Amino acid sequence: MVEDKNLEACSEVGGGEDERKGRFFDCFWTPIYWFKMLANETHWSFVFGVLVVYGINQGLGGAFNRVGTDYYMKDVQKVQPSESQIYQGIISIPWLVKPLWGLLTDVLPILGYRRRPYFIFAGLLGVVSMLLLSFHENLHIAFALLSLTAGSAGAAIADVTIDACVAQNSNTLPSLAADMQSLCALSSSIGALMGFSLSGIFVHLIGPKGVFGLLSIPAGLVFLVGILLDEPFMPNFSYRQVNQKFVDAGKAMWRTLKFPDVWRPCVYMYLSIALSIDIHEGLFYWYTDSKGGPSFSQETVGFIFSIGSIGSLLGALLYQNVLKDHPFRNLLFWIQLLFGLSGMLDLMLVLRLNLKFSIPDYFFIVIDESVSQMIGRLKWMPLLVLSSKLCPPGIEGTFFALLMSIDNVGLLSSQWGGGFILHLLKVTRTRFDNLWLAILTRNILRVTPLCLLFLIPRGDPNASILPTEILSAKEEPENENIELVSLVSSVDGK
C-alpha cells in the first residue's frame, strides 16, 4: 500500500513537471503555428510583405526616421518646436492622398502587374531620398522637406499596397481580420522596439544625417518585396478601360460612403484623432533642454521611445488575446477615457510633481511613455479592424486607403493644431513656461470624442458591417483586383 502511494505521488509530481514543460513549449510554438496558419490561409508572400513593410520599413525604419528627424530639425536645421511641428505635418502629406495610390494599384497595372511595380517604385523613391539627405551638405530646409516628403511618399505607397492585400483577405476571411491586423500591429511594434532601442545610439555615433543613410536599407527591402511578390501576370490588360475603372471605383466609393453604417464611423475616426492635438515636438525640445528640462541624451531619448514601443506591443497583444471580441463602441469608450487620463502623466512630469514624490525623471518618463503608447495602440487597433470591415469588394485597396487617409487628415489636423497651440502659448527652443498649459489643453480635448461614440456600431466585431447589397455586388473576372496567387486559387476552387 505504501509503495502504491509513493508511486502515485511520484506520478503526480512527474505529471506536474510534464504539464509545466508542455506550457513552456506551447508558449514557444504557438506564435510559430499562428504564423504558419496565416501563411497557409493567405500566402507566404503576404506574410513576408507585412513583415517587411510594417515590421522593417515602418517599424524599424520609422523609429530611426522619427528620432533622426527630430534631431535633424533641432540640431541641423535649428528650427523652433512649433515650426518643427508644422514641418512634420508637411512631411505626412503623401499619406493624405493614399486613395490615389490605392486607386492606381487597383485599376492601373504596369507591365502586366498590379502590385509589384508599386513596391519597386516605393523602394526606389525611399532609397534615393534618404541618400540625398545623408550625403548633401548644408541642404536648405525647403529641399530637406522635399526629400523627407519623398521618403514619406515611398513609405505611403508601400503601405497602401500591402493594405490592399490585408483588406481583401479580411473580406474573404472575416474571421481572420483581427489576426491580420494583429500581425501588422505586432510587426510594427516589434520593429519599432528594435528601432528605438538603437536609434539614439546611432544618432549619437553617426548623427541624424548618417541615420538617414541607414534608412535606405529598409527602402531597399521594400524594393525586394516587389521583386519576390508572387502575383499573376496580366498580359492582355486593356488600358482603354482605365478611365472607366477610375469612374467605376469613384462611384463605388461614393455609393459605399452614403450608407450611414459607413460614413458615421468615418466621421468618428477623423474627429477622435484630430481633437487629440499633437504637441510631441514641444515635449521633445523640453526633454533635451539643459536648463528647463531633464537634458536627456540621444541614447536616453531612443531608449525611452523603445520602452514606449514595448507598451505599444503589449497593447497589441492585449487586444489580440483579450479585447478583440468586445463590441467596438464599448471598447472605444473605456480606451478613449484612459487615453485622456494618461495625458496627466505628462502634466505631472512638466510641473515636476514627480520630484516631489522622489520619482526620478527618467523612471517617470519611462512609465509615462509606455502607458501612453499602450493605450494609443489599444485605441488604434479597433479602428483598424473597423476600417478593414468597411471596404467593399472590388476596390478594397482604394477604399481602405480612403479610410486611412481620413485618419491621416486627422493626424495632420492634430499636428498643425498642436503647432498652433505651441506657437500661441509661446513655447520655443528655450522657453517652456506654458508647456503645461498646452498639455492640459490636449488632455481636455482627448476626452471630447466620448460625446461622439454614438457614431460607432454596437455590433459583433467578428461580423460583417457592410450592407448586403454591397457585399453581393460581384466584379467581372477581368475587372478583379490583383490577389495573391493562393487567394486566387482558393476562390477558384470554391
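Student: Is Arg352 buried, partly exposed or exposed?
Tutor: This is a predicted model, and in it Arg352 has a relative accessible area of 22%. Buried means under 20% and exposed means over 50%, so a residue in between is partly exposed. Arg352 is therefore partly exposed.
Student: And which residue forms a salt bridge with Arg352?
Tutor: The partner is Asp361, and the closest N and O atoms of the two are 2.6 Å apart.
Student: Is Asp361 buried or exposed?
Tutor: Asp361 is buried, because its relative accessible area is 13%.
Student: Why would two such side chains pair?
Tutor: Side chains of opposite charge can pair when their charged atoms come close.
Student: How many salt bridges are there in the whole structure?
Tutor: A search of the whole structure gives 3. One of them joins the side chains of Asp75 and Lys74, at 3.5 Å from N to O.
Student: How does accessibility look for Asp75 and for Lys74?
Tutor: Asp75 is partly exposed, at 33% relative accessibility. Lys74 has a relative accessible area of 15%, so Lys74 is buried.
Student: What about Asp346, which residue does its side chain meet?
Tutor: Asp346 meets Arg442 in a salt bridge, at 2.9 Å from N to O. This pair links distant parts of the chain, 96 residues apart: Asp346 lies in helix α14 (residues 344-350) and Arg442 in helix α18 (residues 435-447).
Student: Are those two, Asp346 and Arg442, buried or exposed?
Tutor: Both Asp346 and Arg442 are buried.
Student: Changing topic: at what angle do helices α7 and α8 pack?
Tutor: Helix α7 (residues 177-214) and helix α8 (residues 216-228) pack at about 15°, and their axes are 4 Å apart. Given that angle, α7 is roughly parallel to α8.
Student: Which residues meet there?
Tutor: From α7 there are Phe212, Gly213 and Leu214, and they meet Ser216, Ile217 and Pro218 of α8. The residues of this contact comprise 4 nonpolar, 2 polar and no charged.
Student: One more helix, α3. How many of its residues are buried?
Tutor: In helix α3 (residues 81-91), 8 of the 11 residues are buried, so the helix is largely enclosed by the rest of the structure.
Student: Which ones are buried in α3?
Tutor: They are Pro81, Ser82, Ser84, Gln85, Tyr87, Gln88, Gly89 and Ile91.

Key:
Residues numbered from 1 in each chain as written. Predicted model: local features only at pLDDT ≥ 70, side-chain atom pairs only at ≥ 80, totals over all residues. Heavy atoms only, no water. Salt bridge = Lys/Arg side-chain N within 4 Å of Asp/Glu carboxyl O. Buried < 20%, exposed > 50% of the residue type's maximum accessible area, 1.4 Å probe, protein only. Helix = DSSP H or I, 4+ residues; strand = E, 2+ residues; numbered from the N terminus. Axes fitted to C-alpha atoms, helices over the stretch in contact; angles between N-to-C directions. Parallel < 35°, antiparallel > 145°, perpendicular 65-115°, else oblique. Contact = heavy atoms within 4.5 Å. Nonpolar A, V, L, I, M, F, W, Y, C, P; charged D, E, K, R; others polar.
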